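Dear colleague,

Please find the structure below, together with a short account of what was found in it.

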Amino acid sequence: MLAMNATRRLLLAVAALAAAVVIEPAHHQAVAATEVVAVVNGLPITSSDVSRRAAFLRLQRQKSDAKTARDQLVEEALKREEIARVKMSVSTDDVDKAFARFAASNKLSPEQLTKILGQAGVGAEHFKEYIAVQMSWPRLVNARYGSRGRMSSQELVTRMMENKEKPVTTEYFLQQVIFVVPDSKRNAILGKRKAEAEASRTKFPGCEQSKQFAATMLDVSVRSLGRVLAPELPEEWKPLIKKASGGTTGTRVTERGVEFLAICNQRQVSDDFAAEVVFRAEDLGKQKSDANPNEEKYLEELRNKAQIDLR
């Protein structure tokens, strides 16, 4: 399951940049000869990369010396490699949409934001690479370590007493239908696969016959996601689920190909587990930071296994 709070994490991570981009659109970086300043598991980090990250840090009003910028890039290189290894990266489409949302939140078009980031010495591609890691990394941590722990029975009872009654939420039973697009053929067949996925939604026979239905088509797989409560829905799927008609959502382009969700069943529930999920979501929403102690634990493991050459 995708990380529930990836979009919110991204917004928190770039909140400071939002004000700074509008205030300081014309900062220019001196361009120096590019040289390799670090190598992480065989992948180089150049002085140009460090220059862009330093400019990005300045926009956020953070310490922006070369060492800080380089250290951040080394950390991101470790994360990016692990994201690629387990194939849990968000899609280019997800990143572009996040970029567009960020631009809109600053009353800018994506083209205007691209120009401003270029003037600031950051560049749109550098920012998008940052967005991709910020959205993908929490998925890995959640997949590796799970949630941060169940509430104790006493905590749950206390919260329910405070609220006078159990909260009610929507319970979904979902299947994920994936029209697979190999990386090597992505540019050539993505449009065709999207059209095929859209057409299949109108003929979808229901969850009980979904696997037989998928077997009639080329490179289509079906995954059962089981029971998912509304607060647990991935942010990128929530709008599509709310707008779903005929038992399926609209399609999304992802790193795997083109996908849609089939809603096998939905109902309102108020059992103990549902109450815990709602309370946990409320608590996360009140937190100023999403810091997860397992993130540093995971990152330290990657550092210990990595070959890092600082120059």
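The largest pocket is lined by 37 residues, and Met88, Ser89, Val90, Ser91 and Glu255 lie nearest its centre. A pocket here is an open set of points on a 1 Å grid over the protein atoms alone, where a 1.4 Å probe fits, with protein on both sides within 12 Å along at least five of seven lines; lining residues have an atom within 4 Å of a point. This is a predicted model: local features need pLDDT of at least 70 and side-chain atom pairs pLDDT 80 or more, while totals for chains, interfaces and linings use all residues. Residues are numbered from 1 along each chain as its sequence is written, and side-chain values use heavy atoms, without hydrogens and water.

Helix α7 gives the largest share of the lining of the largest pocket, 7 residues. Helices (H or I, at least four residues) and strands (E, at least two) are DSSP runs, numbered from the N terminus.

Turning to helix α13, its buried residues are Asn294, Glu295, Tyr298, Leu299 and Leu302. Seen down the helix axis, these fall within an arc of 135 degrees (taken from the directions from the axis to the C-beta atoms), so they line one face of α13. The face turned away from the buried side carries the exposed residues Pro293, Lys297 and Asn304. Buried means under 20% relative accessible area and exposed over 50% (1.4 Å probe, protein chains only).

Finally, Glu259 lies in strand β6 (residues 257-269) and is buried, with a relative accessible area of 0%.

Yours sincerely
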